[in-house]
Amino acid sequence: MEQEAERWAKEHIESARIAPTEKKVCASCGAENEEEAMFCEGCGQPLGVSGRCPKCGATTLPGGDICEVCGAWLLTGQCCFCYAPLDADARFCPACGNPVDGVVCPGCHKQRIFDFCPECNIPLTRQALELLEDLRKDAEISRLIEALGETSPVSAAGQEGLADKRTAGQEVLEELKRYYGERKSKAKASSSASLFGSADFEEAMQQVSKAQESDAKLKESQALSLLKSVQKRTFNTNQEARRFFGALKVLLPVMNKTLVGWLCNAYQCLHPEGPSACADPAPGGEWIFRVEYEMKEVEI
């Protein structure tokens, strides 16, 4: 009996060596998964394809769901919005309800597989609109929008109000010029010293300008600190990350800075097109801006 058991054990071990069980290793957490698994049992990340893009032939990244070269969707048989499994003849995802081939952006008329158009920033799905509403109620996001609003020009929707403010500002400036001109004329005509001479006036204006500049820089520093804090979030899936940063870009006021791109945490790679061009944005990242200061002299 012992010999029979020993022989069976040897045969079992040998057969296991000949036909080992294939495992999928998750690129996000390193956990091993069954060959047929589409999501990691450890962290829930989709198990992407590592190899060559079927559309352009470029090398794809482990755990990536899109090709960073041509933008093709790599997870065949999975919804490009929520990763749910799809039937071969499906036209809409049974889980999220979005078209399986993506959505045509009404702005640029291009087919998109993202919740926000990376070119026009238009929300394309119901999930995108819902996230915008949720983020507007988010306390941290609200503080950020308020802080940036104090250091930035208003968005396109507020251009009319901005025009009114500029008109009012020009009127104040013209009034100030008239007042200053009258004071100078009176000072020249009077034999006695002016109670508020030109030197006093210029010094006062310089002090006001310095105080305003210092206050503006402090507010900008506080706003950028809040922006950095908000962008420390990580996500369960790549599309969830793209959705969040797409919404954030829509909600933030227009800033006096040039948007350079989105820096991903996964590879520390700068993507000028944003997270929609990153194969693995789930670990998070941040929008990168180039700060530009412009000094202008106002003649009074």
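Here is a quick briefing on the fold, the cysteines, the aromatic rings and a few individual residues of this protein. The model is predicted, so local features need pLDDT of at least 70, side-chain atom pairs count only at pLDDT 80 or more, and totals for chains, interfaces and linings use all residues. Residues are numbered from 1 along each chain as its sequence is written, and side-chain values use heavy atoms, with hydrogens and water left out.

**Overall layout**

- You'll find six helices and seven strands in the protein; helices (H or I, at least four residues) and strands (E, at least two) are DSSP runs, numbered from the N terminus.
- Reading from the N terminus, the order of elements is α-β-β-β-β-α-α-α-α-α-β-β-β.
- Of the 300 residues, 32% count as buried; buried means under 20% relative accessible area, exposed means over 50%, and partly exposed is in between (1.4 Å probe, protein chains only).
- The accessible surface comes to about 18900 Å², and 52% of that belongs to carbon and sulfur atoms; accessible areas come from the Shrake-Rupley method with a 1.4 Å probe, and for residues only the protein chains shown count as cover.
- Take the contacts (heavy atoms within 4.5 Å) between residues at least 6 apart in sequence: 47% of them join residues at least 24 apart.

**Cysteines**

- A disulfide is a covalent bond between the sulfur atoms of two cysteines.
- With the cut-off set at a pair of cysteine sulfur atoms within 2.5 Å, the count comes to zero disulfides.
- Cysteine 82 is in no disulfide, and its nearest cysteine sulfur, that of cysteine 93, is 3.5 Å away.
- Cysteine 82 is partly exposed, at 30% relative accessibility.
- For cysteine 278, the closest cysteine sulfur is in cysteine 264, and at 4.1 Å that is too far for a bond.
- Cysteine 278 is buried, with 0% relative accessibility.

**Aromatic rings**

- Rings of Phe, Tyr and Trp (its six-membered ring) pair if their centres lie within 6.5 Å; planes under 30 degrees apart count as stacked, over 60 as edge-to-face and the rest as tilted.
- By that rule the protein has five aromatic pairs.
- One of them is phenylalanine 235 with phenylalanine 244, a tilted pair at 5.2 Å centre to centre with 40° between the planes; both residues are buried.
- Phenylalanine 245 and tryptophan 262 make an edge-to-face pair, at 5.1 Å centre to centre and 65° between the planes.
- Phenylalanine 245 sits in helix 6 and tryptophan 262 in strand 5 (residues 257-264), so this pair ties together parts that are 17 residues apart in sequence.
- Phenylalanine 245 is buried at 0% relative accessible area, and tryptophan 262 is buried at 0% relative accessibility.
- Ring pairs link Phe235, Phe244, Phe245 and Trp262 into a cluster.

**Arginine 243**

- Arginine 243 is part of helix 6 (residues 238-251).
- This arginine 243 counts as buried, with a relative accessible area of 18%.
- Setting aside neighbours within four places in sequence, arginine 243 is in contact with Phe81, Asp115, Phe116, Gln127 and Leu131.

**Positive phi angles**

- Tyrosine 83 isn't a glycine, yet has a positive phi of about 70°.
- Tyrosine 83 falls in the loop between strand 2 (32-34) and strand 3 (103-104), and is buried at 1% relative accessible area.
- Glutamine 268, also not a glycine, has a positive phi of about 50°.
- Look for glutamine 268 in the loop between strand 5 and strand 6 (270-271); glutamine 268 is exposed, at 53% relative accessibility.
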